[in-house]
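Let's take a look at this protein, from its overall build down to its core. Have the sequence and the structure open as you read.

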Amino acid sequence: MFTGIIETLGKVTDLRHEQGNLHITVASGIVNELKIDQSVAHNGVCLTVVGLTDETHTVTAIEETLNKTSLGHLKIGEPVNLERCMQMNARLDGHIVQGHVDQTATCIKFTELDGSWEYTFEYDPASGNVTVEKGSICVNGISLTVVNSGANYFSVAIIPYTYEHTNLHNVREGSTVNLEFDIIGKYVARLMNR
């Protein structure tokens, strides 16, 4: 479980394909606190640490993960949002995030406002995922509040701290992001469709 509060930005240092898998190596300031077998969210995708050096950690994304997320589009040098799993005795500052990406979305509008930013994302509604105004959404692992919501799109407003300390500052119109819809909302939607 995660909170959607990004701990740090990592930097992709190596990408290695092996059959249908992608081994992703990331340098970050938290590497000395990681251990093999630990779960870490990378742009909202829960992955297991499989290798460590003094400066980097490595995770593996299998074909299923690559098909449902934007991880297959990573490039060396690109920033990655990182969050270690939450501790049970800690405050839940964001919302309950599983690290299980539901689908990707495309940024269709980016607006720089007076001291903040607004992003609008479009997604395929065929899988039944929904957003609601003032509800929670996880974009690239970041817990955000929905400002506007439609049948296949939503908007979020970003404060300067989030813009500066996550990889949202690289997202522009046409960018692909990972989405995890609110778990409570997913259960309610499933029950309503019975």
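What follows covers the overall build first and then the inside.

This is a predicted model, where local features need pLDDT of at least 70, side-chain atom pairs count only at pLDDT 80 or more, and totals for chains, interfaces and linings use all residues. Residues are numbered from 1 along each chain as its sequence is written, and side-chain values use heavy atoms, with hydrogens and water left out.

The protein has three helices and twelve strands; helices (H or I, at least four residues) and strands (E, at least two) are DSSP runs, numbered from the N terminus. Its C-alpha atoms fill a box of roughly 45 × 45 × 40 Å along the principal axes. Of the 194 residues, 44% are buried, meaning under 20% relative accessible area, with exposed over 50% and partly exposed in between (1.4 Å probe, protein chains only).

Now for the inside. A nonpolar core is a set of buried Ala, Val, Leu, Ile, Met, Phe, Trp, Tyr and Cys residues joined through side-chain atoms within 4.5 Å. The largest one has 22 residues, and Tyr 119, Phe 121, Ile 137, Phe 154 and Leu 179 have the most contacts inside it.
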